[in-house]
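Please look over the sequence and the model before reading on. The report below goes through the domains, the sheets and the cores in turn.

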Amino acid sequence: MTRSNGNSVEVENLVKRFGDFTAVDRISFQTRTGEVFGFLGPNGSGKSTTIRILCGLLRPTSGRAIVAGYDVVQSPELIRRNIGYMSQKFSLYADLTVFENLRFYAGMYGVPAAELRGRIDWALEMAGLRGRESNLTGTLAGGWKQRLALGCAVLHRPPIVFLDEPTSGVDPLSRRLFWELIQRMSGDGVTIFVTTHYMDEAEYCNRLALMNGGKLIALGTPTELKLGSIQGWLLLLECDRLGEAIERLRRFDGVRDVAVFGNALHLVVSDAAAAPAIRAALEADAISVTSLQPIRPSLEDAFVALTTGRGANCPSELPS
Amino acid sequence: MIERLRQILVKEFIHLFRDKHARFSLIVPPLLQMLIFGYAATYEVNRVSTAVLDFDHSPESREFLERFSASSRFQVRYILQNESQITSLLDHRRVVLVLQIQPGFAELLRKGRTAPVQAVLDGTDSNTALIAAGYINQIATRFAQDYQLQLADRLRPALMTFAPRIELQERPWYNANLEGRWFFVPGVIGTVLLVTVITLTAFAVVREREIGTLEQLMVTPISPAELIVGKTLPFLLVGLATVIITAIAGTLWFQVPFRGNVFVLLLGTTLFLSSALGVGLLISTICWTQQQSFSLAFFYVTPAIMLSGFGYPIASMPHALQLITYLDPLRFYLVVLRGTFIKGVGLGVLWPQMLAMTLLGSGALTLATLRFHKTLD
């Protein structure tokens, strides 16, 4: 029952079934102390289920998960003392004031009386809510609620923090502020385990795990994923009549994948030298091409490539 | 442990008292219900709207009908001329009773024979009709008795000394004037308490489930036992306060006596509340939205009140239904309420009810706790 090592979260062949449905399918990974570990994947891919197992809210069907050195099945109550958890709902009491919410959660986490004032002050400072202690929480804007929820979740200085889509429904400026807080906490040695939809946020993570259909399909740094997931070259195509262009390109030998990105298309091709031939083929169909050039793959490209399985390449750290 | 419990209690009481609507709904509905029941709920039947149709036109028939006009139970509003008017009056609910006397009424009486009187009643409200029929019977019997005596007196005065009669001396104990209020006001305390505590408890948990704070609480080191105590204790206190407030209102406003021991009542209330809290908690383990919990609470409360003996005597129910009433904690609590208010009896009499409520309460709480654990998983 001692803290085994620096790895804050160790997961081995974790499975969770609900009836016939396998929500989490034999996933394994380890996090490192003080890293921001991102959990990416489409809705229903098993991210939230995994987080809920790691927090001791759900029992795994099989497999092993060690959080802060404790087994999630054997000692969930010890885990709860050592983690912070914040869900996308920012679970605060709207009819309590900012201070009352903090005071309540401090009580729940058993923050000692001597540290109480200091911890609440710290959380107020962090959330930028100093001077608003007696405001009703329900009247706060989304960004403040979100930072207050984080403050409430880490009042007891947990070494690991789980954040389940912490930035959904929050304005871009608040999102940036929030990520600055996360980076600062990670700098203090706190391990951050975060799920997100946003690709720009994924870039802030030290490492990313990509979930799809309950399986862990890729694990690595953002750069590793970007480079490893795309086999061949990525071309950016700007043209008119996108629909017809997609049809034509799907039939073109050497184009492995076509995906829409805004007003343009991203093509995965085996050889960048095919570009002139592609342009010629499109123009033969009276599609006017504004631009066709090779680009660096973004995380979104990697994400699309990996989750659709088209043009996917094995990243460096695929689980066995 | 104590600190955590203290913080939950503080929080629950803020939820209860900070919001204006919540404060309002805590105090006003119980008092309002008490007022409405105190004034409106009565089985007494007075001023029954009546029509009379007298084909006999004799001194006897007039005297007979006169007794109905003189009674406060009946109000003669129509004197009819023919039978065709009856249907319309009853259809339009203008009258509840039509008394019809056939020609030859007086002649039969004078001959010492049975004289029929027809009483047509609106049976839609069967209770009123039943009670009205009882009063009609009383008046008719009285009239017949008096007429017999008069007749005997006139024919053979000597017989008068031998006329055997029974005189009923009604002595209702505990409620000498048979005030309906004395029956209903303590009962209302029980029903109000049941509704208030079940909905408050169910809502308190389901609301947290809805806004996600229940999940947030479950990742703190709080134990399920602490959570359950923290989620029920406030409503036990609210329930006790409700009883005290409504009891004071009932005794001061409606002059319903409180003859027993306050502590016996509070003990009974606590035992009853353990059942109500258990049921509320049980509802919260089944429901995911406040709307669901509201309809489920309603689903429980209505039969619980019907089977409690609050308005309808249990002894008149079919045997199978009577057995079910033993599962209804309100049934036992009403005995405690009426026992302490009206009869002034103590534990020596009420211990079986206390025991039954203890069993039901611990059963409900155990079941709720087990299910509560399960749903958190």
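How far apart do the C-alpha centres of domain 1 of chain B and domain 2 of chain B lie? In this predicted model, the distance between these two centres is 49 Å. The domain assignment gives chain B a domain 1 made of two stretches, 2–41 and 180–376, and a domain 2 that covers 48–162. Chain A is also divided, into domain 1 (9–221) and domain 2 (231–296). The C-alpha centres of these two domains of chain A lie 41 Å apart.

**The sheet of chain B**

In chain B, 4 strands form an open sheet in the order β2-β1-β3-β4, with mixed pairing. The edge strands are β2 and β4 (117–121) of chain B, and each of them pairs on one side only. From one strand to the next, the twist averages 25°.

Strand β1 (residues 48–54) of chain B and strand β2 (residues 74–79) of chain B run parallel and are joined by 5 bridges.

Helix α3(B) lies across β1, β2, β3 (97–101) and β4 of chain B. Helix α6 (residues 126–155) of chain B also lies across β1, β2, β3 and β4 of chain B. Their angles are listed in the table further down.

**The sheet of chain A**

In chain A, 6 strands form an open sheet in the order β6-β7-β8-β3-β9-β10, and the pairing is mixed. Its edge strands are β6 (83–86) and β10 (215–220) of chain A, each of which pairs on one side only. Neighbouring strands of this sheet are turned by 15° against each other on average, with direction ignored.

Strand β9 (residues 207–212) of chain A pairs with β10(A) in the antiparallel sense, over 5 bridges. Within this pair, A:A209 has A:L219 in β10(A) as its bridge partner. Strands of a sheet pair through backbone hydrogen bonds, in either the parallel or the antiparallel sense. Helix α5 (residues 142–153) of chain A lies across β6 and β7 (160–164) of chain A.

| Helix | Strand | Angle |
|---|---|---|
| α3(B) | β3(B) | about 165° |
| α6(B) | β4(B) | about 160° |
| α5(A) | β6(A) | about 155° |

**Buried parts**

Which residues have the most contacts inside the largest nonpolar core? They are A:F29, A:V67, A:L150 and A:F162, in a core of 95 residues. Leaving aside its neighbours within four places in sequence, A:F29 is in contact with A:V9, A:E10, A:V11, A:F37, A:F39, A:L54, A:F193, A:L216 and A:L219. Apart from this core lies another, of 54 residues, among them B:A247, B:I305, B:Y333 and B:V336.

Why is helix α1 (residues 47–54) of chain A largely enclosed by the rest of the structure? Of its 8 residues, 6 are buried, so α1(A) is largely enclosed. The buried residues of α1(A) are A:K47, A:T49, A:T50, A:I51, A:I53 and A:L54. Just after this helix, A:G56 takes a positive phi of about 80°.

Most residues other than glycine have a negative phi. A:F90 has a positive phi, near 45°, and is a residue other than glycine. A:F90 is found in the loop between β6 and α3 (98–108) of chain A. B:R47 is not a glycine either, and has a positive phi of about 50°. B:R47 is found in the loop between α2 (20–40) and β1 of chain B.

Are these two residues buried or exposed? The relative accessible area of A:F90 is 11%, and the cut-off for buried is under 20%, so A:F90 is buried. B:R47 has a relative accessibility of 58%, and exposed means over 50%, so B:R47 counts as exposed.

Technical notes: Residues are numbered from 1 along each chain as its sequence is written. Chains are lettered from A and ligands numbered from 1 in the order in which they are written. This is a predicted model: local features need pLDDT of at least 70, side-chain atom pairs count only at pLDDT 80 or more; totals for chains, interfaces and linings use all residues. Side-chain values use heavy atoms; hydrogens and water are left out. Domain bounds come from an automatic or database domain assignment. Two strands pair if DSSP finds at least two bridges between them. Helices (H or I, at least four residues) and strands (E, at least two) are DSSP runs, numbered from the N terminus. A nonpolar core is a set of buried Ala, Val, Leu, Ile, Met, Phe, Trp, Tyr and Cys residues joined through side-chain atoms within 4.5 Å. Buried means under 20% relative accessible area, exposed over 50%, partly exposed in between (1.4 Å probe, protein chains only). Contact means heavy atoms within 4.5 Å. Axes are lines fitted to C-alpha atoms, for helices over the stretch in contact, and angles run from 0 to 180 degrees between N-to-C directions.
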